[in-house]
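Please look over the sequence and the structure shown below before reading on.

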Amino acid sequence: MPAIAVSGLTKTFRTYRKQPGFSGAIRGLIRRTYEQVIAVNEVSFIIEPGELVGFLGPNGAGKTTTLKMLAGLLYPSGGQARVLGYVPWERHNDYRRQFALVLGQKNQLWWDLPARESLELNARIYGIPADRFTRTVAEMSELLNVREKLNVSVRELSLGERMKMELIASLLHQPKILLLDEPTIGLDVVSQKIVREFLRRYNATHQTTILLTSHYMTDIQELCRRVIIIDHGRIFFDGQLSDVVDRFADFKLITIHCDDTEVALTDQLARHGEVVEKTPGSIKLKIKRDRVIPACKALLDDLPVRDIDIEEVPIEDVIRQIFAR
Ligand SMILES: Nc1ncnc2c1ncn2[C@@H]1O[C@H](COP(=O)(O)OP(=O)(O)OP(=O)(O)O)[C@@H](O)[C@H]1O
Ligand SMILES: [Mg+2]
């Protein structure tokens, strides 16, 4: 049985649209005009147990809405989903014990309590035995480097420290499914790395199925082999991250090393592609994929080239290019 199976999942929101200006406001009092937003549009995918999948898409693409449906927080307008065999929005108690949803933008801990007590409350709710609680918290707070912060009230924790506590809280009951919505948002690079390492390790040792959204490509690149890309509520790509470059990168980057990189030379090079970087002694060009071979030939013939590098466009740029479409 797949861990998560989603088929034709759809969510439309009806929002009230304000008319512009004063007269519009008056008209709005009499007859409200509503607008339908299709946040998630016939989305289908299957995730096997133990997979760690990146869920990517530009702002407003429908990621959070999808995760909320999988967590049973939102009712879909259409379609089906099974998580561990359960229909999430039926909010079966057995299901609630087996998944966790972490929203990076939202605090789920008790604000005024020391972190440890907030965790303890979570443990109580799930009926976790005291010894297991102590052991798990010690272990995870060590890995996440927040052991010294357990007695600080949640209100006084930094953003990163709070996120780490949220992660601990969400894992106390050892969920089989972990839905993570931007768990590294706003964290400094060191904390991001710690959280990433932690998730990678957790996924490997517990075989927890993880669906993760992030706008940081480093997260995705270091954690996920598979990505699902969603745009305007529709699945746009579902496959290996490495295939994204093959499928969508229209360009390659070519760096020419010359002893002489005068302006005149730049003009000559610009015929082949866009100059993206220039240093004394080297010029980097962005060249259309199907032009790479002829361009290299011409460059080697025409210029005193000392060395030449051909690279793929960084995946981050490819994704940005996809989102910009
Ligand atoms: N409660 C709501 N009422 C009305 N519209 C909503 C609601 N929640 C989300 N939407 C709309 O649904 C669409 C998808 O939103 P969603 O939050 O799922 O995007 P997202 O992919 O998580 O974006 P981001 O990367 O910015 O977090 C957006 O157009 C959003 O404005
Ligand atoms: Mg979101």
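Does Arg196 count as buried or exposed? In this predicted model, Arg196 has a relative accessibility of 6% and therefore counts as buried, the cut-off for that class being under 20%. Its salt-bridge partner is Asp219, and the closest N and O atoms of the two are 2.8 Å apart. The pair links distant parts of the chain, with Arg196 in helix 7 (residues 189-206) and Asp219 in helix 8, 23 residues apart. Asp219 is likewise buried, because its relative accessible area is 1%.

With that pair in view, the whole chain can be considered. The protein has 325 residues, of which 47% count as buried, and its secondary structure consists of twelve helices and 13 strands. Among contacts between residues at least 6 apart in sequence, 71% join residues at least 24 apart. The accessible surface comes to about 17,000 Å², and 50% of that area belongs to carbon and sulfur atoms.

An α-helix has 3.6 residues a turn, so residues three or four places apart point the same way.

Side chains of opposite charge can pair when their charged atoms come close. The count of salt bridges in this model comes to 13. One of them joins the side chains of Glu161 and Lys149, at 3.7 Å from N to O. Here too distant parts of the chain are linked, since Glu161 belongs to helix 6 (residues 159-171) whereas Lys149 sits in the loop between helix 5 (130-143) and helix 6, twelve residues apart. Lys149 is partly exposed, as its relative accessible area of 31% shows.

A further salt bridge brings together the side chains of Arg271 and Asp302, at 4.0 Å from N to O. Arg271 lies in the loop between helix 10 (263-270) and strand 11 (274-279), and Asp302 lies in helix 11 (residues 292-302), so the pair ties together parts that are 31 residues apart in sequence. Arg271 counts as exposed at 58% relative accessibility, whereas Asp302, at 42%, counts as partly exposed.

Phe22, Ile26, Leu29 and Ile30 make a nonpolar surface patch of about 510 Å². Of these residues, Ile26 lies in helix 1 (residues 21-30) and counts as partly exposed because its relative accessibility is 37%. Lys288, in strand 12 (residues 282-288), is also partly exposed, with a relative accessible area of 42%. Leaving aside residues up to four places away in sequence, Lys288 touches Asp250 and Phe251.

Terms used. Residues are numbered from 1 along each chain as its sequence is written. Chains are lettered from A and ligands numbered from 1 in the order in which they are written. This is a predicted model: local features need pLDDT of at least 70, side-chain atom pairs count only at pLDDT 80 or more; totals for chains, interfaces and linings use all residues. Side-chain values use heavy atoms; hydrogens and water are left out. Patches are made of residues with over 30% relative accessible area and no salt bridge: like charges are joined within 9 Å, nonpolar side chains (Val, Leu, Ile, Met, Phe, Trp, Tyr) within 5 Å. Accessible areas come from the Shrake-Rupley method with a 1.4 Å probe; for residues, only the protein chains shown count as cover. Helices (H or I, at least four residues) and strands (E, at least two) are DSSP runs, numbered from the N terminus. Buried means under 20% relative accessible area, exposed over 50%, partly exposed in between (1.4 Å probe, protein chains only). Contact means heavy atoms within 4.5 Å.
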